[in-house]
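Here is a friendly walk through one model, from its aromatic rings to its loops. Please keep the sequence and the 3D view open as you read.

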Amino acid sequence: MAMQILYQKVADDIKKNILSGDYEVGTLIPTENELETKYEVSKITVRKAVEQLVSEGYLVKKSGIGTRVISNNLFNKLSKARSYSSIVNEQGNLSKKILEVELLNAEETPLKENFKNQSILYIKRLYSLNNQPFIVVNHYLPTLSAPDKIEELENQSLYTFLKNSGREISNFKDAFSAVNLNSENQKLLNKTESLALKRVRRGYDNKGNLIEYTISIYDSNKMPYEIEYEI
């Protein structure tokens, strides 16, 4: 039991560093020897902690290279499914760039029917895989103010940002459809053909309140939208 508690504490602290952005996606975490020294634990304890985070989809071990961070998503394990972002990270270098952050009147957003005369925090991001743009993401977050620093969003997942703002997702609803790109998204994705995959995600708290509405446009030719389930 003591061993289980010890490696869990180490795993929790490593995960905290991942979620906070101290260990950024795409970078290597400290070596086993460095983690042994830092936490004053045995090599077995370090390995069990790392194995847990590998199974949760935060890390991947590469022989001769080290252990790399592949996700800072608060929700890597939904039921027994691996998150799309952790799968993508194993294919190469996933990076994201914030294009816009602003407060909008609900009338200017898809949430105008539910949040009349309220402010909606709008965040637009561009995701790239190996420097090739492949996802345009538009977040609409009700009843949130803009962060003081963009860095708060650059190095954190959306769900860590929401949690730090006092909002916690309890469940999701995703809807997928095929769409024709508008000229702006076609240019952002550097895509000649117009057809793309659209995902609309709604995130709710444990009282059923909508706290996230996200529209993502994927160039699935560059990376198919995949979900891996454990049976």
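Three aromatic pairs are present in this predicted structure, where rings of Phe, Tyr and Trp (its six-membered ring) pair if their centres lie within 6.5 Å, and planes under 30 degrees apart count as stacked, over 60 as edge-to-face and the rest as tilted. Tyr159 and Phe172 make an edge-to-face pair, with 5.4 Å from centre to centre and 70° between the planes. This pair links distant parts of the chain: Tyr159 belongs to helix 6 (residues 158-164) and Phe172 to strand 8 (residues 171-180), 13 residues apart. Helices (H or I, at least four residues) and strands (E, at least two) are DSSP runs, numbered from the N terminus. Tyr159 is buried, at 8% relative accessible area; buried means under 20%, exposed over 50%, and partly exposed in between (1.4 Å probe, protein chains only).

Elsewhere, ring pairs join Tyr122, Tyr140 and Tyr213 into a cluster.

A word on the ground rules. This is a predicted model, in which local features need pLDDT of at least 70 and side-chain atom pairs count only at pLDDT 80 or more, while totals for chains, interfaces and linings use all residues. Residues are numbered from 1 along each chain as its sequence is written, and side-chain values use heavy atoms, with hydrogens and water left out.

Now for the chain as a whole. Seven helices and eleven strands are found in the chain, and 46% of its 231 residues are buried. Of the contacts between residues at least 6 apart in sequence, 57% join residues at least 24 apart; contact means heavy atoms within 4.5 Å. The accessible surface of the chain is about 12400 Å², and carbon and sulfur atoms account for 47% of that area. Accessible areas come from the Shrake-Rupley method with a 1.4 Å probe, and for residues only the protein chains shown count as cover.

How do helix 2 and helix 3 pack, and at what angle? Helix 2 (residues 32-39) and helix 3 (residues 43-55) meet at about 110°, with their axes 9 Å apart. That makes helix 2 roughly perpendicular to helix 3. Angles under 35 degrees count as roughly parallel, over 145 as roughly antiparallel, 65 to 115 as roughly perpendicular and the rest as oblique. The axes are lines fitted to C-alpha atoms, for helices over the stretch in contact, and angles run from 0 to 180 degrees between N-to-C directions. On the helix 2 side, the contact is made by Glu32, Asn33, Leu35 and Glu36, and on the helix 3 side by Lys43, Val46, Arg47 and Val50.

The loop between helix 2 and helix 3 contains Glu40, a residue other than glycine with a positive phi, near 55°. Glu40 is exposed, with a relative accessible area of 72%. Asn117 also has a positive phi, about 60°, although it is not a glycine. Asn117 sits in the loop between strand 5 (94-105) and strand 6 (119-129) and is exposed at 68% relative accessible area. For background, most residues other than glycine have a negative phi.

| Pair | Apart along the chain | C-alpha separation |
|---|---|---|
| Leu188 and Val136 | 52 residues | 7.6 Å |
| Asn130 and Gln91 | 39 residues | 8.8 Å |
| Asn182 and Ser194 | twelve residues | 7.7 Å |

Leu188 is part of helix 7 (residues 183-188) and counts as partly exposed at 24% relative accessibility. Setting aside residues up to four places away in sequence, Leu188 touches Leu99, Lys124, Leu126, Pro133 and Val136.

Asn130 is placed in the loop between strand 6 and strand 7 (132-142) and is partly exposed, at 41% relative accessible area. Apart from neighbours within four places in sequence, Asn130 is in contact with Gln91, Gly92 and Asn93. Asn182, in the loop between strand 8 and helix 7, is partly exposed at 42% relative accessibility.

Not counting residues up to four places away in sequence, Ser128 touches Asn93, Leu94, Ser95, Pro133 and Phe134.
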